[in-house]
Amino acid sequence: MKTIGIRSLSGDSIKAAVSRNELLGITNGRLLAGVLMPLSSTTLERLMDRNLTRIEESIRVSERELTDDEWTSLDDFLCVNRSAQTGRRAPSRVAIRQLSGARLQQAAEAGEMLVVTHDGAAIALLVPVTLEWVGQLAERNLSRIRDSIECSERELAADEVTSLEEVLEEELDKAEPPAPAAASAAERPGRAAGVPRLPHLTRTMPYAPQLPGVPYVPQWRHAPQLQGPEEQLLVGVDIITDDPADHSRIVAVAADSSARPLLAPVVTPLPDQDEESVLTAIVHTTDRLTSALAPQRRYLAGVGVQLAGHIHDGVVMDSLDVNWHRFPLAHQLGRQLGGAPVVVENNANAFALRAQLRRDIGPGETAAVVLITDRGVGCGLILDGKVFKGATGMAGEIGHLRIEHGQNVKCRCTRVDCLEAIASPRAISTVLGRRGFPGDFTDAVEAAKDSTDEVVRATFSRAGEALGRGLAHLITLFNPATIVLCGPESLVGPHRRFRHHAEEDDDTAARLYLQAMDRVVTDTAFSTGSEDCERLLVRNTDGAEGAVAAACLIQHLPAPHARLQQLMHAPG
C-alpha cells in the first residue's frame, strides 16, 4: 500500500489511485492517519448489488405512497431512519480541499468514515486509523508476526539475514497472479499458487486487506450458468480437536448436491492446531478429494467447515478447543482455494441444518438440535424453520449455562458448574477418576452394565439429570416441538425415537443417562413444555457425520446457488 502525505493529497492523486485500483495510506507527519479506498465504478456496482434489496424496498414504499397519496418528506424520512439506526453513523461528506489532519482526528474520535468528494462527486472512502483498529489488525495477524519473529531469529542464528528488498520482492511474486495463457472458449483457467483453481471460479480483483466498517467484497464470481447436479461437488470438513484420545484431526467428505457422500471420508491428523497448519491441511485434503473425482465432478460448488466455538460471518470469534480468537477462517481458506466459496459454521448449527435436510425437522418447525461431543454440549436452534444464531452467532451455547450450584465443578471456559462440565463424556470420566475408577470412558460404559457398580451408574444418572435441567431451560425458553439429540452411541444409544417415560429394556449407560434426563425434563419444564415437545430423536455423531453436516452448509451460500439449494431440498 502506497502512502501519501495529507498535504499532498489531491483529486488527481485519488483519480490515479482509482485507475490503478489501489489503496492509499494517508500520513499526518510520520504517522499513518487513515486508509483511503478509491470509489471506482466497479466498487460502486458491488455496493449497489449489496444494497439492491433496500433499493427495491424503497421503490415499493414509494409506489405505495403514490397510490395512497401519502408523501413522506425527505426531512421526515431521514429523521425516522436516523432514529432507527442507533449506534450507527452514516459516513460524513468532506470536500478534498477541506481534508486536514484535524478533520481526520475528529473522524477517528467519532468513529466515523468519510466520503471524500471532488467537484461534487464522491471519489473515495476514507477510514481513519484508530488504536482499536490497529489492535484488531495485530490480533488477526498474530500468528504471522510470531512466525516472522521466529524466522528472523533462525536467520540471525545461521547468519543468513534476508535484506528488506529481497523480502519485498518475494512477497510481490507471491501476490502477483500468473499471466493468463491464451485459451479456447472451452478451456478454463489453470492453477494459482500451487492450488487447483476450480473451473467455474475466476479472480475479479487482487486481494486487499479488509477494513473495519467496509464490507468484504468476495474475490470470486460464478459462471453465468450453474452446472448440472451430476457435475457438482460439495466438500464438508469437520475440525475435531476434542477427541477422547486427544487425536486432533480433520475429517472431510466429498458429496453430491444433496450432501450424500461420494467417497469414503478422508482423515488428516492435526499434530499442530495453529491457524496456518489447519488451513494447509484443509487445502491439501480438498485438493485430494477434487482430484479423485475429476473429471466427472468438475465443479466445486462450495466448501463447508464446522467446528466447535463462537462463529460469526465466517470468523472464529472464540473457540476453546483450538484457542483461536477472531480468526477469519472462511476468508483465509477461500483465498488459499483460489477464490472458492467457503462457509464456516458452529458444529451444532451445522447439525441443525443436517437435521432439516434429512427431514428430522419439518418445514417451518421450531426445534432444537443438541450436540454432545467429548468435552462440549452445544445447541442449534431452529425457529420457524430457520437457524437462529443471535446477534453475533453465539445463540445456543447451552453448554455454558450454570446447571449445578455450589458444586464448584470447573469448566474449561474458566467458570464453574456449567452443563458441559457435568454432562459430557470427558466430564463423566473426570468425575469417575476422582472417585477411584481406574479406566477411561469406554471402560465406564462397560462397567455401567454391571448393576452392582453403583458409583459408575450413579455418575451416568447424575450427568443425565444435568442434561435434563439444560433441556428444561431450553424448552421453557423456546417451546420446541422436536429435540434432536446428537452424540456418541456409547452415551446416547443407537438411532431411534426416544419415548418419554418408556422403560428401555437394555441395561446400559445410555439408558441410565437418557432416562435420568427424561425424568428431570418432565419435572422441571414449565407448564406443558415437556408435552409440547412431542418428539425426541436420537442421532449418532460417530464416523463422518460431522463432515456430512458441514457439507450441508452449502445452503448458506449467496444467490448464485439458488438452483443448487433447490436441488438439495428436492425429494430423493
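## Nonpolar cores

A nonpolar core is a set of buried Ala, Val, Leu, Ile, Met, Phe, Trp, Tyr and Cys residues joined through side-chain atoms within 4.5 Å. Buried here means under 20% relative accessible area, exposed means over 50%, and partly exposed covers the range in between, with a 1.4 Å probe and protein chains only. In this predicted model, local features need pLDDT of at least 70 and side-chain atom pairs count only at pLDDT 80 or more, whereas totals for chains, interfaces and linings use all residues. Residues are numbered from 1 along each chain as its sequence is written, and side-chain values use heavy atoms, with hydrogens and water left out.

The largest nonpolar core has 48 residues, of which Val370, Phe460, Leu485, Tyr513 and Met517 touch the most other members. Helix α15 supplies the largest share of this core, 9 residues. A second, separate core contains 32 residues, including Val235, Val303, Ile311 and Leu333. Methionine 517, one of the residues named for the largest core, is in contact (heavy atoms within 4.5 Å) with Gly464, Glu465, Leu467, Gly468, Leu471, Leu485, Phe498 and Leu536, leaving aside its neighbours within four places in sequence.

## The chain as a whole

The chain has 20 helices and 24 strands. Helices (H or I, at least four residues) and strands (E, at least two) are DSSP runs, numbered from the N terminus. Of the 572 residues in the chain, 46% are buried. Among contacts with a separation of 6 or more, 61% join residues 24 or more positions apart.

The chain exposes about 30000 Å², and carbon and sulfur atoms supply 52% of that area. Accessible areas come from the Shrake-Rupley method with a 1.4 Å probe; for residues, only the protein chains shown count as cover.

## Cavities

A search of the whole structure finds 5 cavities of 30 Å³ or more. A cavity is a set of points, on a 1 Å grid over the protein atoms alone, where a 1.4 Å probe fits but cannot get out; lining residues have an atom within 4 Å of a point. Grid points are joined across faces, edges and corners, and a volume is the space filled by probe spheres set on the points. The largest cavity holds about 70 Å³ of space.

Leu471, Ile475, Ile483, His500, Met517, Asp518, Val521, Ser530, Cys533 and Leu536 line the largest cavity. Two or more residues of this lining come from each of α15 (454–478) and α17 (509–524), and α17 gives the most, with 3 residues. By class, the lining has 7 nonpolar, 2 polar and 1 charged residues. In this classification, Ala, Val, Leu, Ile, Met, Phe, Trp, Tyr, Cys and Pro count as nonpolar, Asp, Glu, Lys and Arg as charged, and the others, Gly among them, as polar.

Threonine 27 is found in strand β2 (residues 24–28). Threonine 27 counts as buried because its relative accessible area is 18%. Its C-alpha atom is separated by 6.0 Å from that of isoleucine 4, 23 residues apart along the chain. Leaving aside neighbours within four places in sequence, threonine 27 is in contact with Thr3, Ile4, Gly5, Ile6, Leu32 and Ala33.

Methionine 37 lies in strand β3 (residues 31–38). Methionine 37 is also buried, with a relative accessible area of 18%. The C-alpha atoms of methionine 37 and glycine 25 are separated by 9.0 Å, and the two residues are 12 apart along the chain.

## Two glutamates

Glutamate 545 lies in helix α19 (residues 545–551) and is buried, with a relative accessible area of 18%. Not counting residues up to four places away in sequence, glutamate 545 touches Phe351, Arg354, Arg358 and Asn540.

Glutamate 397 is found in the loop between β21 (386–388) and α12 (420–423). This residue is partly exposed, with a relative accessible area of 28%. Glutamate 397 touches Gly309 and Asn346, not counting residues up to four places away in sequence. The C-alpha atoms of glutamate 397 and glycine 376, 21 residues apart along the chain, are separated by 9.7 Å.

## Loop residues with positive phi

Most residues other than glycine have a negative phi. Aspartate 313 has a phi near 50 degrees, a positive value. Aspartate 313 lies in the loop between β15 (310–312) and β16 (315–319) and counts as exposed, at 70% relative accessibility.

Arginine 359 has a positive phi near 70 degrees. Its position is in the loop between α11 (347–357) and β19 (367–372). At 45% relative accessibility, arginine 359 counts as partly exposed.

Methods. 1 Å grid on protein atoms, 1.4 Å probe; cavity = no way out; pocket = protein on both sides within 12 Å on 5 of 7 lines; lining within 4 Å.
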